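Dear colleague,

I am handing over to you the structure shown below. Please keep it open while you read, as the notes that follow describe what was found in it.

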Amino acid sequence: MPESIKNRKKEWERTTLKKVLERFPEQREIFTTGSDKEVDRIYLPEEELKGDYLEKIGFPGEYPYTRGVQPTMYRGRLWTMRQYAGFGTAEESNSRYKYLLNQGQTGLSIAFDLPTQIGYDSDDPVSAGEVGKVGVAIDSLKDMEILFDGIPLDKVSTSMTINAPAAVLLAMYIVVAEKQGVSRDKIRGTIQNDILKEYIARGTYIFPPAPSMRLINNIFEFCSTEVPKWNTISISGYHIREAGSTAVQEIAFTIADGIEYVRNAIGVGLDVDHFAGRLSFFFNAHNDLLEEVAKYRAARRIWAKVMKENFSAKKEKSMMMRFHTQTAGSSLTAQQPDNNVIRVTIQTLAAVLGGTQSLHTNSKDEALALPTEDSVRVALRTQQIVAHESGVTNTVDPLAGSYYLEQLTDDIEKEAWDYINRIEKMGGMVQAIEAGYVQKEIQDSAYRYQKAVESGDRVVVGVNKFTVEEKEPAGLLKVDPALGKIQAKKLQDVRNTRDNRKTSDTLQALGEAAKDTKTNLMPFIMEAVRSYATLGEISNVLRKEFGEYRESIVL
Amino acid sequence: MSEKIRIEIAKPGLDGHDRGAKYIARALKDAGYEVIYTGIRQTPESIVATAIQEDVDFVGLSLLSGAHNELFPRVVELLKEQDAGDIIVFGGGVIPEEDLDFLKTHGIQAIFRPGTPISDVIAFIESTRKGHAA
Amino acid sequence: MELVTDILAGKTRAVARAVSIVENNSHDKEALIDALHDYTGHAAVWGITGPPGAGKSTLADCLIQKERDAGKKVAVIAVDPSSPFTGGALLGDRLRMQTHAVDPGVFIRSMASRGHLGGISAGTLDAVKIFDAAGFDTIIVETIGVGQTEIEIIELSDIVMLVLVPGMGDEIQAMKAGIMEIGDVYVVNKSDKDGAQRLKAEIEYVLMLKEQTNGDPSPGILMTSSRDNTGIDELHIHLTQLYHERTRNGMLSVRRKKRIKKEMDDIFNRKVQDLIEKELSLSANSSTWIEKVYRKEIKLYSFINNTLAEFERSNKK
């Protein structure tokens with residue numbers, strides 16, 4: 001910082017500031033971001049000019065991508081508005097998707113119910129009560145055919161939140177497309193396929209790390225030649241943040257997960273530039289607007305460096321961090337649910353000012369139940385208003401150059417590197433998870449945050465301040481409790497009408513293939529799916545070969 | 001040495017959102033209780049077996065998937081079947097207001113929804129505990 | 001006592017209640033334990049100890065399975081520390097054994113240390129007796145052991161396993177702290193990790209020194225990985241054989257008599273203390289006495305000796 005500014009600052013502190021502080025002290029001694037990072041009173045050019053602009057910030061569409069992955073960003077094309085949806089039966093979800101596409105949504109995002117996510121059929125005893133609750137129930141190819149009935153798979157891109165059994169659901173999707181006459185190289189979409197964050201934060205794992213990583217490699221390899229437009233993984237910080245992490249922890253642990261996937265894939269002989277361009281990310285958008293924007297910028301910069309320096313990627317695409325964003329579910333309150341619309345608006349701005357590639361906005365009633373059609377529409381309209389009316393899309397990375405934002409970006413980057421390096425020292429993410437390190441760090445942050453809310457140190461409007469007596473809104477969405485029975489009946493029909501001999505042959509072949517760690521399982525899973533083997537049957541064959549993961553808890 | 005209140009905190013069903021359950025477990029420990037934490041994906045059967053073996057005074061259930069109407073009453077039912085109906089069951093999670101009556105009539109003695117301060121949970125434990133001693 | 005009948009019949013709720021009685025040190029504890037006395041002594045008691053994160057609970061989980069496969073009934077007592085500030089405790093060990101929760105042949109009980117030092121809780125020993133009388137064949141007691149003070153596990157077990165893992169940096173620490181002295185069996189867990197062989201060599205070295213100085217036979221060192229189930233069979237066979245061997249050569253009864261002696265000493269001490277408290281109204285009078293000692297009106301030793309002699313005389317009358 002030039003001497004003149006430095007001297008002027010001292011003078012300002014002595015005179016103007018001092019006078020005011022004496023009469024009107026500030027509201028608190030220490031100001032912090034939503035993630036508890038200390039914030040200074042003002043930021044000055046000194047902070048901004050540390051390091052070289054061209055090296056650290058540069059131009060959009062160029063390394064290190066701090067300002068964005070495309071040179072024109074939203075001037076060229078808006079982000080994809082993609083509302084995560086799905087509940088009940090395939091029929092019900094199918095009509096919700098058609099509704100959303102009619103409302104101007106540009107991509108589909110499929111929510112599966114928990115039995116599907118954990119590889120159990122709807123009639124399995126452990127599925128009791130859970131069928132169709134948090135997403136759609138998919139038991140076999142039959143359900144998947146219904147789910148996409150009348151939706152042309154060469155026209156939409158589809159994101160599927162599926163992890164442990166991702167290979168199976170992807171196989172089903174490919175087969176449905178084929179039946180529609182759409183070839184594999186035409187379909188576009190994403191599978192989440194991020195098992196590490198399941199162990200860390202989300203909990204829908206099935207197999208232990210080693211075979212899970214193998215399945216992921218199988219998908220990378222298969223898609224790089226067969227399904228080239230498919231995003232094979234969505235490395236997710238969203239759930240890490242929902243579990244209570246800070247912004248720094250969110251990107252640090254997500255990137256550490258990414259490093260583990262890349263290292264694994266290279267380890268089995270895949271060429272980094274062959275698969276890295278199809279890696280995508282998924283982040284949270286929380287309430288602290290500027291901290292969130294800085295977070296996305298720092299994450300892009302770190303990933304570019306990781307890919308270039310650690311993994312010697314050559315293609316630009318391999319170094320670009322492209323990401324989907326969802327507004328923070330955990331920030332929604334059951335109290336005064338209308339306030340959630342405003343929270344989601346701020347979070348939408350954060351994601352857009354941070355340069356997201358696609359966005360899901362939460363609905364105001366989601367702290368109470370699954371969203372109704374009306375509240376989903378308001379959530380989508382929020383994105384559309386930011387896109388078309390707010391003006392923030394007119395220029396690329398509009399907040400760059402703010403003294404505060406650039407400082408925050410640097411700070412977040414530095415703290416994230418500290419975590420990443422520590423995890424590397426522990427032997428990588430799998431080791432860090434098994435030691436419980438990552439889970440413990442997140443739990444401690446979550447505990448501190450909750451304590452601060454309870455003490456009133458952190459204000460949550462409508463919850464610990466500005467509360468009112470209220471009645472809950474009527475007309476919340478309810479999933480039919482008889483759904484489990486309906487789905488079980490459909491499943492029975494599938495089992496009665498398929499060629500059971502063929503099904504058991506394909507399942508047996510899959511089991512055999514699983515024994516040899518060198519074999520790619522995708523073709524075997526495709527055959528099993530085609531013969532209408534159920535998700536539970538396929539998963540059980542693999543459970544038998546791979547074993548099951550058990551939670552490593554640290555309290 | 002005096003008697004300690006023992007509380008089982010469990011997650012029935014399949015959802016893995018254990019942030020709330022872990023917070024409650026830790027906060028109750030800090031309030032001086034002995035908390036037995038069983039982790040995610042517990043069946044009503046394993047929750048009840050745990051409650052009995054651990055001789056707990058309370059069972060706290062946390063669920064965010066919406067399967068509470070099926071799973072919470074099942075826990076109460078199994079406790080009664082196994083002659084342990086005196087163990088008090090409470091719950092928490094994403095639970096719509098309209099389900100509260102149903103759960104109450106099925107033996108769930110309190111439901112703590114998002115945003116409830118831990119002091120409410122402690123007050124509930126202390127009042128029902130005294131009620132039982134009297 | 002109806003409770004005793006129910007415990008002997010192995011009724012879960014009764015057994016659980018009984019453990020609470022000893023844990024809470026309720027007034028009917030003594031009668032209960034005496035009533036069960038004749039029915040104890042059948043169960044094999046295995047102690048598992050080691051630093052946090054060594055994988056003790058997961059190892060216990062594997063051993064439960066092995067014992068169940070062999071047709072044995074198993075009880076597990078998992079002890080964790082209580083918070084010294086709030087008295088609360090977070091007991092999460094059973095999470096790793098939860099697949100056995102609904103097996104009627106398995107009983108898992110978490111106990112908080114409740115201020116008791118030594119790695120176990122004051123009620124643990126009596127809880128072992130209850131499970132023994134209730135017909136459990138094997139009782140596994142799991143404790144955290146990181147220092148010299150947490151060694152009461154030796155006194156209550158027939159066999160103690162010390163579980164260590166490579167790469168935690170505490171191998172040397174553990175040896176310095178002296179817990180290396182306590183194992184009958186040493187388990188290098190997570191043996192697929194780097195440094196497992198080195199850890200094994202380090203333990204061998206320490207044990208060799210011990211053998212040279214004491215002439216004790218070297219205990220076994222076993223390599224396990226509960227993650228992929230390697231070495232569990234070997235460990236289980238080793239434990240079973242060691243137990244039989246000790247039954248045969250009389251070591252088991254020597255050890256159990258030691259346990260009784262320790263218990264007897266403890267109870268005598270506690271009872272005598274209670275007696276003195278009662279007869280001399282210790283806590284009521286102590287502030288007066290302290291004041292007198294402080295003001296040099298009385299001398300510590302002669303005062304106490306006189307008081308006790310007086311107490312003795314009055315009791316003889």
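**The sheet of chain C**

A75(C) stands opposite F107(C), a residue of strand β4(C). This comes from a predicted model, in which local features need pLDDT of at least 70, side-chain atom pairs count only at pLDDT 80 or more, and totals for chains, interfaces and linings use all residues. Residues are numbered from 1 along each chain as its sequence is written, chains are lettered from A and ligands numbered from 1 in the order in which they are written, and side-chain values use heavy atoms, with hydrogens and water left out.

Parallel strands β2 (residues 74–80) and β4 of chain C are joined by seven bridges. Helices (H or I, at least four residues) and strands (E, at least two) are DSSP runs, numbered from the N terminus, and two strands pair if DSSP finds at least two bridges between them.

The open sheet to which these strands belong has seven strands, with parallel pairing, in the order β4-β2-β5-β1-β6-β7-β8 of chain C. Its edges are β4 (106–112) and β8 (220–223) of chain C; each has a single partner strand, so one side of each is left without a neighbour in the sheet. From one strand to the next, the twist averages 20°.

Two helices pack on this sheet. Helix α4 (residues 56–69) of chain C touches β1 (44–50), β2, β4, β5 (138–144), β6 (159–164) and β7 (185–188) of chain C, and its direction makes about 175° with that of β5(C). Helix α5 (residues 124–133) of chain C touches β1, β2, β4 and β5 of chain C, with its direction at about 165° to that of β2(C). For these angles, axes are lines fitted to C-alpha atoms, for helices over the stretch in contact, and angles run from 0 to 180 degrees between N-to-C directions; contact means heavy atoms within 4.5 Å.

**A sheet that joins chains B and C**

A second open sheet has six strands in parallel pairing, in the order β5(B)-β4(B)-β3(B)-β1(B)-β2(B)-β3(C). The twist here averages 20° from one strand to the next.

Helix α2 (residues 44–53) of chain B lies across β1 (6–10), β2 (34–37) and β3 of chain B and runs at about 165° to β1(B).

The link between the chains is the parallel pair β2(B) and β3(C), joined by three bridges. In this pair, E34(B) stands opposite A89(C).

**The interface of chains B and C**

Here 30 residues of chain B are in contact with 28 residues of chain C. The buried area (the accessible area, with a 1.4 Å probe, that two parts lose on being put together, summed over both) is about 2,500 Å², with 51% of it on carbon and sulfur atoms.

Seven salt bridges cross this interface, a salt bridge being a side-chain nitrogen of Lys or Arg within 4 Å of a carboxyl oxygen of Asp or Glu. One of them joins D86(B) and R13(C), whose closest N and O atoms are 3.0 Å apart. The elements of chain B that give two or more residues to this side are α1 (19–30), β2 and α2. The largest share, six residues, comes from α2(B). By type, the residues on this side of chain B divide into 10 nonpolar, eight polar and 12 charged. In this scheme Ala, Val, Leu, Ile, Met, Phe, Trp, Tyr, Cys and Pro count as nonpolar, Asp, Glu, Lys and Arg as charged, and the others, Gly among them, as polar.

**The interface of chains A and B**

This contact takes 42 residues from chain A and 34 residues from chain B. The area buried between the two chains is about 3,100 Å², of which carbon and sulfur atoms give 51%. In chain A, the residues that lose the most area to chain B are Y447(A), E454(A) and E472(A), together 19% of what that side buries.

Between chain A and chain B there are three salt bridges. In a salt bridge between these chains, the side chains of R26(B) and D444(A) meet at 3.0 Å, N to O. On the side of chain A that touches chain B, α5 (114–117), α8 (195–202), α10 (238–242) and α19 (437–455) of chain A each supply at least two residues. Helix α19(A) gives the largest share of that side, eight residues. The residues of that side divide into 20 nonpolar, nine polar and 13 charged.

Yours sincerely
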